[in-house]
Amino acid sequence: MRRWIVLAVAALVALAPDAAAAQAAPPDPVQALKRQFRAEHGVTFTEVSRMTGDASVTRVRAKGGIQFGASGPVASYMTFSAVQKKGEDQGTEVELIMTPGQLHLSAPDLPPGKKWVVFEPDKGTKVTPVPGLLLSSQTINPLDPAILKAILKGAKVKSVPGGHLYQGAVTYGDLFKAAPKHYAAQFGGDVAGEFAKRKVSWRLWTDKRGLVTRLMSNRLGGGADTRYAGWGQRMTIPLPPADEVMSWRELWDQPYDEPGFDLGPFRTSR
């Protein structure tokens with residue numbers, strides 16, 4: 001009997017996974033993201049970014065939301081303002097709404113009744129604003145499955161309270177290969193030469209479901225810290241009322257009569 005018990009225990013030990021294998025592998029963030037792509041659902045975000053140059057640092061604070069469709073973002077909105085130094089007047093808060101083919105910008109000093117300016121590509125062109133392109137200072141777009149997959153390849157990962165932390169660096173060349181249309185629009189063309197070898201270092205946090213909760217990145221000239229929350233919430237982003245919107249071409253044709261400022265031959269008239 002004793003021998004039977006010893007053999008049984010030995011068999012159970014042999015069948016049991018070892019401690020390392022028993023730990024569940026981190027959920028795949030790419031697949032977790034794809035499962036969020038449902039019509040009229042989305043995620044909110046907050047962001048603080050910095051841009052450096054000529055011994056100065058500019059910080060911008062932003063918040064907003066991104067609406068998904070079946071294959072990814074379909075609309076975005078954001079409010080942002082520059083972070084002023086203590087004692088300085090706070091900057092004007094600006095609103096943006098982006099949908100495929102249109103970018104709406106709130107603007108002061110418009111004609112009576114107008115609150116928004118709409119930017120659209122010229123007819124016949126294939127230029128289409130991409131949600132997320134202008135609504136984040138992140139070079140890395142973690143809401144694009146191809147880009148997310150590219151940065152996670154070979155990244156270090158460890159468990160942290162509430163989820164996992166990934167860390168690594170990615171070149172501009174690798175980002176361009178992952179999403180050429182996105183980065184061609186962002187950088188005005190192909191990425192080549194020394195620029196393609198330049199790296200963006202990053203840290204990315206996910207929750208227990210594998211969904212991105214925070215992305216910090218650093219690059220030459222600045223960086224950003226973005227936090228995501230409310231994954232899966234109902235979200236629809238409406239466009240501004242049509243009677244409150246004017247085209248940027250209409251705005252460009254408005255006369256500029258600010259006292260003390262003479263545009264000379266460039267003054268326009270109705």
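**A guided tour**

Start with Ala32, which is buried, with a relative accessible area of 3%; the cut-off for buried is under 20%, so Ala32 qualifies. Keep in mind as you look that this is a predicted model. Ala32 sits in helix H3 (residues 29-34). Which residues does Ala32 contact, leaving aside its neighbours within four places in sequence? They are Arg209, Gly210 and Leu211. Look also at Thr206: it lies 174 residues from Ala32 along the chain, yet their C-alpha atoms are separated by 9.9 Å.

In general, nonpolar side chains of soluble globular proteins tend to be buried together. Here the largest nonpolar core has 38 residues, and those touching the most other members are Ile140, Leu148, Ile151, Trp202, Leu204 and Trp231. Helix H4 (residues 145-152) supplies the largest share of this core, with four residues. A second, separate core has seven residues, including Ala75, Ile97, Val118 and Met235.

Not counting residues up to four places away in sequence, Trp202 touches, among others, Ile140, Ile151, Leu152 and Ala155. Its contacts also include Tyr166, Val170, Leu215 and Met216.

Finally, follow the strands. Strand S5 (residues 102-106) pairs with strand S6 (residues 116-119) in the antiparallel sense, over four bridges. Within this pair, Leu103 has Phe119 of S6 as its bridge partner. S6 is also joined by three bridges to strand S12 (residues 245-247), and these two run parallel. There, Trp116 stands opposite Val245 in S12.

Key
Residues numbered from 1 in each chain as written. Predicted model: local features only at pLDDT ≥ 70, side-chain atom pairs only at ≥ 80, totals over all residues. Heavy atoms only, no water. Core = buried A, V, L, I, M, F, W, Y, C linked by side-chain atoms within 4.5 Å. Buried < 20%, exposed > 50% of the residue type's maximum accessible area, 1.4 Å probe, protein only. Contact = heavy atoms within 4.5 Å. Pairing = 2+ DSSP bridges.
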